[in-house]
Amino acid sequence: MNIILVSECFNPQKSIGGVRPYNFATELAAMGHKVFCVVSANEKMEDQADNPNLIIVSVPDGKLGMKRSQYETKESKNAASSENKESAAPDRHSAFMARLRREAAQAWFFAAENERYHNAYQICCDIMQREHIDIVLTSYGPISSMQVGLKLKKKYPEIPWVSDMRDPADSMLIAPAWRLRGAFLQRKMVHHADKVVAVCDGIGDRYRAMLPENAWGKVCTITNGYRESPILCMPAEDGILRIGYTGDGTCDMSELFRCLHDLEQQWGTALPIEVH
């Protein structure tokens with residue numbers, strides 16, 4: 001089969017955002033399928049030569065996308081330099097300005113995503129005019145991949161669309177106004193995709209709740225994980241809760257450890273919890 005895979009994140013990113021669609025692509029290529037990977041221009045496939053069935057097509061960043069990358073690099077450096085500094089509780093004005101900056105950054109981010117969505121959609125249409133495509137596979141997020149899937153499904157309703165949802169589009173990490181937009185597009189996706197893939201049964205149940213009972217079968221679960229990784233088979237028989245984190249460590253997990261510490265202080269005992 002010929003498959004189009006649309007994902008902003010891809011190899012060599014080591015976070016699950018890059019690993020998950022990359023694993024899909026390489027496994028499908030190993031099965032003999034031809035996979036057109038429509039991915040970000042700055043993601044270079046290191047072992048493309050070893051995968052003749054993988055065709056990497058880069059989506060160029062527009063002007064907003066390039067500025068967003070520069071902004072994110074600057075913010076990452078600022079966060080790293082202030083990581084160990086003690087910060088005083090912000091006053092009301094500082095808190096308001098910080099929230100305003102976050103909202104503006106979210107608006108900028110979604111504008112850049114809209115720019116990327118149009119570029120990726122046009123590239124997919126060009127491929128579909130040259131090649132017979134059997135399946136469209138999109139991997140969320142960010143939201144542009146899901147938008148491409150929705151528009152391709154409208155133009156080519158006969159081609160099955162598999163929507164892989166690495167995260168919910170209405171995540172609490174997104175600013176409220178943009179979360180509503182994500183929830184709207186997510187509901188459209190659930191109804192129009194031929195198959196919806198969730199990372200856990202709990203999120204899968206949320207998608208099933210949007211559908212009539214006779215359509216629940218279109219939702220399935222494929223968990224995250226690295227091949228041959230010990231986190232995939234952590235034993236639970238010894239009474240220890242083990243949390244397997246499949247990211248690259250760049251996300252701030254301090255709040256999780258702070259909560260665990262507070263619980264231990266409150267209960268006066270060490271909790272049998274490990275984070276891997």
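**Exercise 1. The largest cavity**

*Solution.* The model is predicted.

Step 1. List the lining. Met 128, Val 136, Gly 149, Leu 152, Lys 153, Tyr 156, Ile 159 and Trp 161 line the largest cavity.

Step 2. Gly counts as polar and Lys as charged.

Step 3. Find the main contributor. Helix α4, residues 143-155, gives the most to this lining, with 3 residues.

Step 4. The largest cavity holds about 40 Å³ of space. The count of cavities of 30 Å³ or more is 1.

**Exercise 2. The second largest pocket**

Work out which elements give two or more residues to the lining of the second largest pocket.

*Solution.* 

Step 1. Start with the volume. The second largest pocket has about 190 Å³.

Step 2. Name the lining. It consists of Tyr 117, Gln 147, Leu 150, Lys 151, Lys 153, Lys 154, Leu 185, Lys 188 and His 192.

Step 3. Assign the elements. α4 and α5 each give two or more residues. α4 gives the most, with 5.

Step 4. Check the classes. This lining has 3 nonpolar, 2 polar and 4 charged residues.

Step 5. Link back to Exercise 1.

**Exercise 3. The buried face of α6**

Find the buried residues of helix α6. Then explain why they line one face of the helix.

*Solution.* 

Step 1. Apply the cut-off. Buried means under 20% relative accessible area.

Step 2. Pick out the residues. In α6, residues 201-208, the buried ones are Ile 203, Gly 204, Tyr 207 and Arg 208.

Step 3. Look down the axis of α6. The buried residues fall within an arc of 150°, so they line one face.

Step 4. Recall the helix rule. An α-helix has 3.6 residues a turn, so residues three or four places apart point the same way.

Step 5. Name the cover. The elements over the buried residues of α6 include β5 (161-165), α5 (176-192), β6 (195-198) and β7 (219-221).

**Exercise 4. The whole chain**

State how many helices and strands the chain has, and what share of its residues is buried.

*Solution.* 

Step 1. Count the elements. The chain has 7 helices and 9 strands.

Step 2. Of the 276 residues, 41% are buried.

Step 3. The chain exposes about 16000 Å², and carbon and sulfur atoms supply 56% of it.

Note on methods
Residues are numbered from 1 along each chain as its sequence is written. This is a predicted model: local features need pLDDT of at least 70, side-chain atom pairs count only at pLDDT 80 or more; totals for chains, interfaces and linings use all residues. Side-chain values use heavy atoms; hydrogens and water are left out. On a 1 Å grid over the protein atoms alone, a cavity is a set of points where a 1.4 Å probe fits but cannot get out, and a pocket is an open set with protein on both sides within 12 Å along at least five of seven lines; lining residues have an atom within 4 Å of a point. Grid points are joined across faces, edges and corners, and a volume is the space filled by probe spheres set on the points. Helices (H or I, at least four residues) and strands (E, at least two) are DSSP runs, numbered from the N terminus. Buried means under 20% relative accessible area, exposed over 50%, partly exposed in between (1.4 Å probe, protein chains only). The arc is that of the directions from the helix axis to the C-beta atoms. Contact means heavy atoms within 4.5 Å. Accessible areas come from the Shrake-Rupley method with a 1.4 Å probe; for residues, only the protein chains shown count as cover.
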